[in-house]
Each structure stands twice: as structure tokens, then as C-alpha cells.
Amino acid sequence: MSIVDYFEKPSVQDLPFPFLPKSLTLGSRLVSDAYDVAIIGVKSDSDLVNKGCSAAPDEIRKYLYSLRGELRRLRIADLGNIRCGNNSTDAYFALKDVVAELRSVGVLPVVLGGSQDLTAAIYDGLKENSPKLNLAVLDARLDISEDDAAPITPFSYLNTIMNDEKRFRIDVVGCQSYYYSDMQQHKLQENGCWTMRLGTLRADLSESEPIFRDSDLVSVDMSVVRQSDAPGYEVPSPNGLTGEELCQLVHYAGMSDNIQAFGLFDVNPYFDNNGQTASLAAQIVWHFLGAFANRYGDYPLRELSTYKKIVVADMDGDDEMVFYNNHLNNRWWIEIPMSKGYKVFSCSYNDYCKAKCGQFPELWLRYYRR
């Protein structure tokens, strides 16, 4: 079965007042073959929360395709909307197959949801061609259930990924502690996964860049944005990221040389205000695509031996911390001893400064001899 059989054409109308001549817009630059990026809509939602987000893919496209289309030779196709069949299970398996097929030929899927539990389908599609996977989730909440056997829902899809043998790391970025329990946080941490709370994140957005640089899959729940910037959600929060901050974070994701898929979920046109959330979602996707078109080709595409190597001894002299630095873009990596050899992680300049001052970076404490 060809993947084109999974799709139906989107129903998209032009904006009445485009900001650019149509020939310069992203919508006019789409291709039908030999593409690098495939945009996929999944008009599937859940009866449990935010019902109506299935209408989002075409609404987001309306704004996305009116934006600037000059993205440095990046070839983008819109495959359409996946035929969801009779239930969400059909959409799940179709999305999984499509993602696996696209990645087998080196195409990056950009998925417009739908509800965020579709992240599990993207993950399952990626793991068919990957030995280990890192997931970064931008969300106000932790979608974890106490019951590991719970079915995949918007509240429990992370359980399935946490328990998968190909999962290495999950980072939930932008979460707000009053929205999740101690049980949920403990369950995440005991599985070697971590959170970066909203306050920590907003103190210095750049400290999250290494998380996205190491991520294979980035999943965005629009609930991570505050209500004043994104009202199109059933239960929005007065606190959260600004629209500009989320655009910066997905820029980090697009610049990653590890990135294999990107998903944007839970935009609900029914609760939106004059297309405000759909327009922001379109700009988020555009920032991701723009960054993806301008990646550096850093590690793991480039050998670490081409970078400056810096060795820092700890205060007891028992261990050495090995850092690598690309002076052209000031990106940093750290080599951490694991139970089986060494593993290289993206890190920040601040991690290097801590090591020089005799402190152990948080990454080192997480993974040393793990």
C-alpha cells in the first residue's frame, strides 16, 4: 500500500488579506515530489479533553501558507490529512506507517494534530528506523497515568513511550507544577526522564537548547502557551510561555541535527479568538521550518575530533570531565562515563563553567555511571 492512499486533500481557503504576494508565500512554494519535509494533518481528537481540535490542521494551514516561502532551498510537500477511518485507533496506525515510511527515505514529518496522544504514533513510526530515541515535550502538564496498562489517551500516552525499550530520554519542558502530582513527577524521574518547569525555563530560554539539540522527536501541546497568547484550548491557563518564547524554543528544535519529526497538537478552533491561536501555531511551524533549513551540520553529523577538546578535572581528581566546543557557533557537548563506555550529550556553556568551578553539571549527575 502506498502512503498516498492514507491521505485526503485538505480543505484550505486563502486568507482574505494576505501580507505577501501569493507567489512569495509558502503555499505557492509547495512541491509534490523530491521533498525534504512532509506536512501531515491528522483530524483526530479525544472525547476526554479539548474536543474539537480535529478541526485544527486545515485552520493552521490557512495561516501557514500565507507566510513567507523563501526557506533556503528547503523542499516542502503537503501530503494532506490522514484518513482517520472509524476511530482514533485507525488514525494512530496510519500515522505510524506514514512516519516510518517517510523516515526510511530521509523525509522529516511535520504533524499537525489533533490531540497530543498522536505523539505515541509518531514515536512508534520513528523507532522502526532508530536504535534509541529522545523525546522533548512542550506541555503545561505531565501526561502520565498511574496505571502503566492504561490505554493511550491525551492523559497517559507518555506511559507507553516511557516503557518502550528504545526510549532513552524524555524531557518535559515548560510544565507548571500545580498541574501535576508528586506521583507523576516521581514516575517520570524513576524512569530516567526529567522536567524543566516554566519558571526555570523562562529564567533563561537558552539553557533548554541542549535538550532540543539532542531530541529526535519534539511534541508541542499548545496548552504550554498562556491564554492571552493562545485562547484556542478548552481549559487554557493564565500562565505559560508567550508566543514569542515558544517560537524561539521550536527554533532550537529545528536547528537540531538529530531531529527526525515534529508535532504540534491541541489547537482548538472552536475556542479560538479570531484565529489568534491558529495564526500563532502557523508561525510556530514556520519558525521550525526556517531553523531546519539553516542547520549547522554539527555532531553527530560532524566528528567530535574537529572541535576544541577541553578536559576539566573534578576537585577530588578522581574523574575528568571532557567537553567539546564548536567555536563557530559556541555550541558545547560533554562526554559522560556510563555503565557501558561513554556517551556524548549536548550541554551549555554554563555547564562548562560549573565544571571549571568544581561543580557537577546536572547532566553529569543524571547519567554518570548510569
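With which residue does lysine 62 form a salt bridge, and how far apart are the closest N and O atoms?

Mentor: This is a predicted model. In it, lysine 62 forms a salt bridge with glutamate 59, and the closest N and O atoms of the two are 3.3 Å apart. Both lysine 62 and glutamate 59 belong to helix H1, where three residues, about one turn of the helix, separate them. Lysine 62 counts as partly exposed because its relative accessibility is 23%, and glutamate 59 is likewise placed in the partly exposed class because its value is 24%.

Lysine 43 forms a salt bridge with aspartate 58, with 3.7 Å between the closest N and O atoms. As for accessibility, lysine 43 is partly exposed because its relative value is 35%. Aspartate 58, in contrast, is buried because its relative accessible area is 10%, and buried means under 20%.

A third pair may be set beside these two. Arginine 169 forms a salt bridge with aspartate 171, and here the closest N and O atoms are 2.7 Å apart. Arginine 169 counts as buried because its relative accessibility is 3%; aspartate 171 is buried as well, because its relative accessible area is 4%. The pair also belongs to a network of salt bridges that links Arg169, Asp171, Asp214, Glu362 and Arg366. For the structure as a whole, the number of salt bridges is 21.

Asparagine 329 is located in the loop between strand S11 (320–326) and strand S12 (331–337). Its side chain reaches the backbone nitrogen of arginine 331 at 3.0 Å. When residues up to four places away in sequence are not counted, asparagine 329 touches Tyr296 and Asp298. Asparagine 329 counts as buried because its relative accessibility is 18%, the criterion for buried being under 20%.

Terms used. Residues numbered from 1 in each chain as written. Predicted model: local features only at pLDDT ≥ 70, side-chain atom pairs only at ≥ 80, totals over all residues. Heavy atoms only, no water. Helix = DSSP H or I, 4+ residues; strand = E, 2+ residues; numbered from the N terminus. Buried < 20%, exposed > 50% of the residue type's maximum accessible area, 1.4 Å probe, protein only. Polar contact = N/O pair within 3.5 Å; in protein donor to acceptor, adjacent residues only side chain to side chain. Contact = heavy atoms within 4.5 Å. Salt bridge = Lys/Arg side-chain N within 4 Å of Asp/Glu carboxyl O.
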